[in-house]
Amino acid sequence: MRTEQEMMELILRVAKEDERIRAAYLGGSRCNPNVPRDLFQDYDIVYVVDDIQPFLEDPGWIDVFGERLLMQLPMENDKNMGTAERFEGAYGYLIQLADGNRVDCFLQTLEASRKDLAASRLKRILLDKDGILPEVPEPSDITHWVQKPSENVYTACCNEFWWLLLNVAKGLWRGEILYAMDMLNKWIRPELFRMLEWQVGTEHAFSCSVGKCGKYLERYVTAQTWNAYLATFPEGNAEAVWESVDTMCGLFSQTARTVGERLGYAYPEEWERGSKTYLKQVRSLPKDAKTIF
């Protein structure tokens with residue numbers, strides 16, 4: 001496996017030797033001073049070009065990074081699936097190399113790159129042949145810090161959590177386990193996670209990041225909270241889902257009350273009572289029931 005020094009020398013050499021590339025910069029976790037280094041970190045590279053088309057007409061150019069195990073072309077996938085391209089003025093190559101390194105390389109126009117550089121502080125300029133890129137400050141994850149919610153946003157989160165649990169209950173009663181699991185994990189879990197993020201924010205003056213997909217959340221919460229959160233991921237049977245719902249309810253209630261108290265926001269007790277009443281009733285409801293209450 002090539003070392004970081006070898007990979008960075010290669011990335012920079014490609015940019016210097018290819019006249020079509022006018023600038024290059026590094027992004028992602030390798031720019032984040034708060035992320036520990038390990039062998040799985042990607043090399044998130046942007047090459048700034050005047051015109052992307054010549055590269056598309058020369059697909060072999062990407063072989064400069066070495067032998068590949070697998071490559072994804074996200075923009076091509078978007079086209080093949082009939083959806084619009086996700087990035088304007090850009091084209092990407094996500095590459096898993098045979099030596100274990102991974103390179104996510106994007107070609108971008110100058111206009112797209114300026115927008116990209118303005119959107120995140122996790123960037124480091126590697127090369128600028130023509131002095132076309134704006135100055136960028138020292139890399140920081142400040143643009144990824146947990147954001148303090150307004151009272152309206154906090155209240156909406158509480159409402160969404162307690163309301164959507166009713167869908168899980170009816171799904172379980174009907175025996176629709178996939179529906180219930182989808183509601184729980186796709187729609188309700190994000191509200192619980194959002195509240196946990198806000199609790200972390202209140203404890204650290206909203207000046208930290210829990211990482212993509214919450215991968216650093218464990219650093220900031222107690223072992224009890226962490227284990228409770230893990231316990232909300234159920235096995236694929238109705239009783240396990242009901243147990244995870246119980247755990248979710250307890251964790252959300254405790255966390256939301258703490259966040260509300262710290263931010264001076266009123267916690268909606270009546271929504272919790274109403275939701276729990278419904279959940280309890282449906283959980284014990286016979287399959288031949290004619291009415292819910």
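This is a predicted model: local features need pLDDT of at least 70, side-chain atom pairs count only at pLDDT 80 or more; totals for chains, interfaces and linings use all residues.
## Helix 5 and helix 6

Sorted by class, the residues in the contact of helix 5 with helix 6 are 19 nonpolar, 2 polar and 4 charged.

## Helix 6 and helix 9

Helix 6 also packs with helix 9, their axes coming within 9 Å. The crossing angle for helix 6 and helix 9 is roughly 25°, so these helices are roughly parallel to each other.

The crossing of helix 6 and helix 9 is left-handed. In the contact of helix 6 with helix 9 there are 17 nonpolar, 5 polar and 4 charged residues.

## Gln199 in helix 6

Gln199 is located in helix 6. Its relative accessibility is 11%, so Gln199 counts as buried, the cut-off being under 20%. With neighbours within four places in sequence left aside, Gln199 is in contact with Thr255, Thr258, Val259 and Arg262.

In soluble globular proteins, nonpolar side chains tend to be buried together. Here the largest nonpolar core has 45 residues, of which Tyr154, Val168, Met195, Leu217 and Phe252 touch the most other members. At least two residues of this core come from each of helix 5, helix 6, helix 8 (223-230), helix 9 (238-263) and helix 10 (269-283). Another core, of 38 residues, lies apart from it and includes Trp61, Tyr91, Leu107 and Leu117.

Tyr154 can be followed in detail. Not counting residues up to four places away in sequence, Tyr154 touches Pro149, Met195, Trp198, Ala256, Arg257, Val259, Gly260, Tyr265, Ala266 and Tyr267. One of these, Val259, is also in contact with Gln199.

## Asn32 in a loop

Asn32 belongs to the loop between strand 1 (21-27) and strand 2 (43-49). Its relative accessible area is 10%, so Asn32 is buried. Leaving out neighbours within four places in sequence, the contacts of Asn32 are Leu122 and Asp141.

Asn32 and Glu191 are 159 residues apart along the chain, and their C-alpha atoms are separated by 27 Å.

How values were computed:
Residues are numbered from 1 along each chain as its sequence is written. Side-chain values use heavy atoms; hydrogens and water are left out. Ala, Val, Leu, Ile, Met, Phe, Trp, Tyr, Cys and Pro count as nonpolar, Asp, Glu, Lys and Arg as charged, and the others, Gly among them, as polar. Helices (H or I, at least four residues) and strands (E, at least two) are DSSP runs, numbered from the N terminus. Buried means under 20% relative accessible area, exposed over 50%, partly exposed in between (1.4 Å probe, protein chains only). Contact means heavy atoms within 4.5 Å. A nonpolar core is a set of buried Ala, Val, Leu, Ile, Met, Phe, Trp, Tyr and Cys residues joined through side-chain atoms within 4.5 Å. Axes are lines fitted to C-alpha atoms, for helices over the stretch in contact, and angles run from 0 to 180 degrees between N-to-C directions. Angles under 35 degrees count as roughly parallel, over 145 as roughly antiparallel, 65 to 115 as roughly perpendicular and the rest as oblique. A crossing is left-handed if the near helix is turned anticlockwise from the far one by less than a right angle, and right-handed if clockwise.
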